[in-house]
Amino acid sequence: MIAATGTAFRLIVHGDPALLEIVLLSLRVSLSAVAVATFVGLPCGAALALGRFPGRGAVVVALNAMMGLPPVVVGLVVYLMLSRSGPLGVLGILFTPRAMIVAQTVLVTPIIAALSRQVIEDLWEEYREHLQSLGVTTGRAVLTLLWDGRFRLLTTILAGVGRAMAEVGSIIIVGGNIAGVTRTMTTAIALETSRGDLTLAMGLGIILLILTVLINAGAHVAGTIARQPVG
Amino acid sequence: MHNGIPILPLCVEDLVYIAGGRRLIDGISAAITGGSRTMILGPNGAGKSLFLRLCHGLLQPASGRVEWVGRRGAGGSEPVRHRQAMVFQHPVVLRRSVVANITYALSARRVPNGRRRQLAEEALERMGLLALAGRQAGVLSGGERQRLALAAAWALRPEVLFLDEPTANLDPAATREVELAIADFHAAGTKIMMTTHDLGQARRLADEVVFLFKGRLLEQTPADEFFCQARSPEARAFVAGELVW
């Protein structure tokens, strides 16, 4: 264990190319997924926060429940959609990083939508009468809420990043953990551990932990700013 | 200070507002004319704040009408809301700088970008807040927040200013500042419509009193008459400080 950790640190310090490639692919997949999820999730959250329609409560409950989607189930469904006989099989992206981005987007979008819905709704509660009194249009109100809630919304996006970075179940199914193509930190750790190559697994594990700490530190800072009266 | 066709007088007809199955505003009719300061008085739960919000259009009545008679048939593309402003009991400040709170309000009212900064600074100066212009609005005290709300209203140059218990959470010094600001609005020709539960304040500020009781309008009387010899027994008891509910 100690020897493995030592070797792992050497791999990190020397910038081992195989390790670097895996880390970069992980970041590429997860950050792309979060970018798409933010693009889709924030407007959904805002619409749900301000909109009043029959069945809204059920949608909110369903969305909150979807924050806990089991990654392996998402992976399975996306796999079936993208497999050659599936409805999106013509795209031919199964076992590519794109398929992994799709799966993680499905996982992260409900998280960002549900959390941002709460943030925007709280702020709307506070601002509503003032903005209505000023005669602000709904579109303008949404932009105002997104801007004034930006630090709190950033914490929801970082929650999405954390989820995507740590997740293994869906991307191992749709990506296949192919060396040099779809091998990410989490899938590599799963594979190397089962193969008994603990060194690379430990190195990747350390990097993953450091990234997780950094993401959470970022979320903490954003949250602190948001709670201040200036946020 | 106003341009264009005035929106006043305000004519309210058979206004009803229902929430949770209760008629919280129960058939109010009134004509509100310009120039004077109208205080809306009544015990807690009389519907003062609801009445103000219905007049301002923040709430929609279950039945009845709120009509700005000045606009009848006159057309005009500018919404009547744009000729009004409202100051709330708990002033809402946007998470921006003090001056940006006002320029935001001006942009919402489609004031050209080039004029916003100057109007905002003018309004801040009048409310004694110019030194705080660059400060984040969230760090202001309760009294300063209320003055910021008044400054934003001042910058909008409203024809009608609604104030809902604007001094309920303020200490005497801050209350005095708000009352002075209301006097400024009045002097500038802005119609004042205000709720308060402070009878002393009502005596200081009112030209006319609208007395509400259990969602009904019991009387609309010139202020001196109201405080000396109100017409309804409920209002007389209210002025005398007795429990009327």
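What you have here is a predicted model, and its scores are ipTM 0.90 and pTM 0.85.

**Where the two chains meet**

- On the chain B side, 22 residues are in contact with chain A, and on the chain A side the number is 19.
- Three residues of chain B, namely Val92(B), Arg95(B) and Tyr104(B), supply 37% of the area that chain B buries against chain A, which is more than any other three residues give.

**Charges and polar pairs across the interface**

- How many salt bridges are there between chain B and chain A? The count is three.
- Asp148(A) and Arg96(B) pair up through their side chains in a salt bridge, with 2.8 Å from N to O.
- Looking at polar contacts, you get eleven residue pairs between chain B and chain A, with both partners at pLDDT 80 or more.

**What chain B brings to the contact**

- Three elements of chain B each supply at least two residues to the side that touches chain A: α1 (48-56), β5 (84-87) and α2 (98-108).
- Which element gives the most to that side of chain B? That's α2(B), with four residues.
- Sorted by class, the side of chain B that touches chain A has twelve nonpolar residues, plus five polar and five charged ones.

**Arg117(A), an arginine inside chain A**

- Arg117(A) sits in helix α5 of chain A, which covers residues 97-134.
- Is Arg117(A) buried or exposed? Its relative accessible area is 7%, and because the cut-off for buried is under 20%, Arg117(A) counts as buried.
- Leaving out residues up to four places away in sequence, Arg117(A) touches Gly45(A), Leu48(A), Ala49(A), Arg56(A), Val60(A) and Asn64(A).

**Gln228(A), after a helix**

- You'll find Gln228(A) in the segment after α10 (198-227) of chain A.
- Gln228(A) has 39% relative accessibility, so it counts as partly exposed; that class lies between the under 20% of buried and the over 50% of exposed.
- Between Gln228(A) and Asp197(A) there are 47 Å in space, C-alpha to C-alpha, and the two are 31 residues apart in sequence.

- As background, most residues other than glycine have a negative phi, and most peptide bonds are trans.
- Phe95(A) isn't a glycine, yet its phi is positive, at about 65 degrees.
- Phe95(A) belongs to the loop between α4 (71-82) and α5 of chain A, and with 35% relative accessibility it counts as partly exposed.
- Over in chain B, Asp14(B) also has a positive phi without being a glycine, here about 50 degrees, and its place is in strand β1.
- The peptide bond running from Leu8(B) to Pro9(B) is cis, with omega near 0 degrees.
- Where is Pro9(B) found? Look in the segment before β1 (10-19) of chain B.

Terms used. Residues numbered from 1 in each chain as written. Chains lettered and ligands numbered in written order. Predicted model: local features only at pLDDT ≥ 70, side-chain atom pairs only at ≥ 80, totals over all residues. Heavy atoms only, no water. Contact = heavy atoms within 4.5 Å. Buried area = accessible area lost by both parts, 1.4 Å probe. Salt bridge = Lys/Arg side-chain N within 4 Å of Asp/Glu carboxyl O. Polar contact = N/O pair within 3.5 Å; in protein donor to acceptor, adjacent residues only side chain to side chain. Nonpolar A, V, L, I, M, F, W, Y, C, P; charged D, E, K, R; others polar. Buried < 20%, exposed > 50% of the residue type's maximum accessible area, 1.4 Å probe, protein only.
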